[in-house]
Amino acid sequence: MQSSLTANRRVFQFILSLVCIASLAFVLGRFPLAAHAAGTSSPSPLDIGISPCAYNPNDPRTRAYYILPLAPGSHFSNCIFVSNHSSSPAQIQLQPTEGVTSNTTGTVYPGPGTPLSGAGKWVTITSTPKQILPAESVIKVYFSVHVPQDATPGDHMAGVQALDLGAPGRISGTINVDVSATVGVLIVVPNTPSFKANFSGEVSAPHIAPIPSINTAAVVVPIGDNGQLYGQPFLKVSLKGPNGYSHTYQSQLGTILPGQKIPYSVPWPTTLAPGKYIVTITMRWDNSTQNGITPGSITHTYSINLASSLQSSAPGKIVVIRTTNLGLIGDWWFWASIVGGLLLIGLCIYLIRRVIAKRAEKKARPNLDSRLRSL
């Protein structure tokens with residue numbers, strides 16, 4: 001009797017182990033779906049870095065990009081370091097590019113296929129444009145700059161761009177991306193006796209409009225630089241409106257490149273009711289952020305009629321839906337699998353105990369019958 005009970009226990013433990021393993025495999029098998037549902041993707045194994053071969057120890061900016069005082073008709077040649085920090089080789093393409101001002105201010109560099117219209121035409125890649133960059137290696141790539149004779153005094157932002165041809169071109173199958181790195185080449189053409197380059201801020205008529213997709217208030221101010229030097233001006237926007245409304249926004253802006261204009265959008269922190277608004281815009285600049293700029297400022301006032309109210313863009317007023325990176329724990333499949341696994345284990349335990357009890361009862365019944373007959 002004891003040996004049969006021991007055998008039953010072993011059978012029960014074996015079956016219970018199989019159930020636990022199957023349940024765990026089921027739970028872990030949901031993990032890829034959790035990652036897919038969260039919109040994540042495998043990161044690119046490639047990690048390309050780029051930096052100047054030479055720099056001025058007295059100017060920390062030159063560790064990130066070249067600053068070249070070059071007169072019209074002059075030439076410059078040097079190199080950049082291109083490094084591959086990954087364990088896989090990379091195929092790269094080198095090409096000239098030129099800086100543009102982003103809509104939030106600051107310099108960005110367009111990707112491949114963007115036509116060059118300015119200083120990018122002055123840059124030539126003298127090394128082989130397409131190269132294989134071995135894993136965990138650094139190579140030198142050479143370039144040259146030729147400033148045309150008719151170049152105007154001032155700042156001209158070009159660059160040398162390394163495009164990773166082997167990197168994935170899509171994320172989650174929906175977003176096209178280009179993996180690239182750029183070293184800026186700021187060419188500073190000196191002043192002439194008859195012409196002195198300077199930053200010159202520009203402001204045009206603003207408008208009040210909802211921010212796309214979230215429909216909250218923003219004041220869109222067209223700003224730019226119609227001078228010859230890049231600048232980082234200070235912007236102040238004041239609104240006066242219905243029922244004594246008054247509010248002011250002010251911010252230190254990033255770089256605005258010469259000859260460029262952007263629609264700078266200011267998310268407005270208060271709700272705007274319908275009615276007439278007086279908008280006063282002040283832009284000022286000085287030589288605290290860049291040597292060689294003559295301090296100046298401009299102020300313009302505009303009138304705007306707002307037809308319907310716009311909700312505040314202040315933090316806490318907007319509900320932003322983001323994908324989280326909670327992995328398995330953040331996925332509802334995880335908890336459903338846990339609950340389902342526990343229920344399955346409980347059911348198996350119940351059925352196995354019923355089977356064992358019936359077998360024990362069947363074995364005990366003949367013994368009981370024999371005892372009754374002996375009585």
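Mentor: Start with L163, which has a relative accessibility of 7% and counts as buried. Keep in mind that this is a predicted model.

Trainee: Why is L163 called buried?
Mentor: Buried means under 20% relative accessible area. L163 has 7%, so it counts as buried. Its place is in strand β10. The C-alpha atoms of L163 and P112 are 8.0 Å apart in space, and the two residues are 51 apart in sequence.

Trainee: G159 lies in strand β10 too. Is G159 buried or exposed?
Mentor: Set the value against the cut-off again: buried is under 20%. The relative accessible area of G159 is 0%, so G159 is buried.

Trainee: Which residues does G159 touch, leaving out those up to four places away in sequence?
Mentor: Contact means heavy atoms within 4.5 Å. By that test G159 touches Q95, P96, T97, E98, V123, T182, V183, G184 and V185. There is also a distance to note for Y66. G159 and Y66 are 93 residues apart in sequence, yet 8.7 Å apart from C-alpha to C-alpha.

Trainee: What does β10 give to the largest pocket?
Mentor: Four residues of its lining, and β10 gives the most. The pocket holds about 310 Å³ of space. It is lined by 17 residues, and the closest to its centre are G118, A119, D155, H156 and P258.

Trainee: Now the cysteines. How do you know that C53 and C79 form a disulfide?
Mentor: The cut-off for the two sulfur atoms is 2.5 Å. In C53 and C79 the sulfur atoms are 2.1 Å apart, and the pair forms a disulfide. A search of the whole structure finds one disulfide.

Trainee: What kind of bond is that?
Mentor: A disulfide is a covalent bond between the sulfur atoms of two cysteines.

Trainee: What does the pair tie together?
Mentor: C53 lies in the loop between β1 (48–52) and β2 (66–69), and C79 lies in strand β3 (residues 75–84), so the pair ties together parts that are 26 residues apart in sequence. The link of C53 and C79 is left-handed, with -130 degrees about the S-S bond. C79 has 4% relative accessibility, so it counts as buried.

Trainee: Why is strand β16 called largely enclosed?
Mentor: Count its residues. Nine of the nine residues of β16 (residues 217–225) are buried, so the strand is largely enclosed by the rest of the structure.

Trainee: Which residues of β16 point which way?
Mentor: A217, V219, V221, I223 and D225 point one way, and A218, V220, P222 and G224 point the other way. All of them are buried.

Trainee: What makes β16 and β15 a pair?
Mentor: Two strands pair if there are at least two bridges between them. Strand β15 (residues 207–210) and β16 have four bridges, in the antiparallel sense. A209 stands opposite A218 in β16. The hairpin of β15 and β16 has six residues between the strands, and there S213 takes a positive phi near 80 degrees.

Trainee: How many bridges join β16 to β14 and to β19?
Mentor: Three bridges join strand β14 (residues 201–203) to β16. Eight bridges join β16 to strand β19 (residues 260–267). With at least two needed, each counts as a pair. Both pairings are antiparallel. G201 has D225 of β16 as its bridge partner, and V221 has Y264 in β19.

Trainee: What order do the strands take in the open sheet of four?
Mentor: The order is β18-β17-β20-β21, and the pairing is antiparallel.

Trainee: Why are β18 and β21 called edge strands?
Mentor: β18 (246–252) and β21 (296–306) each pair on one side only. Neighbouring strands of this sheet are turned by 15 degrees against each other on average, direction ignored.

Trainee: And how many bridges pair β17 with β20?
Mentor: Seven, between strand β17 (residues 234–240) and strand β20 (residues 275–285). L235 stands opposite M283 in β20.

Trainee: Let us finish with the chain as a whole.
Mentor: Its secondary structure comes to three helices and 21 strands. Of its 375 residues, 37% are buried. Among contacts with a separation of 6 or more, 73% join residues 24 or more positions apart.

Definitions and conventions
Residues numbered from 1 in each chain as written. Predicted model: local features only at pLDDT ≥ 70, side-chain atom pairs only at ≥ 80, totals over all residues. Heavy atoms only, no water. Helix = DSSP H or I, 4+ residues; strand = E, 2+ residues; numbered from the N terminus. Buried < 20%, exposed > 50% of the residue type's maximum accessible area, 1.4 Å probe, protein only. Axes fitted to C-alpha atoms, helices over the stretch in contact; angles between N-to-C directions. 1 Å grid on protein atoms, 1.4 Å probe; cavity = no way out; pocket = protein on both sides within 12 Å on 5 of 7 lines; lining within 4 Å. Points joined across faces, edges and corners; volume = space filled by probe spheres on them.
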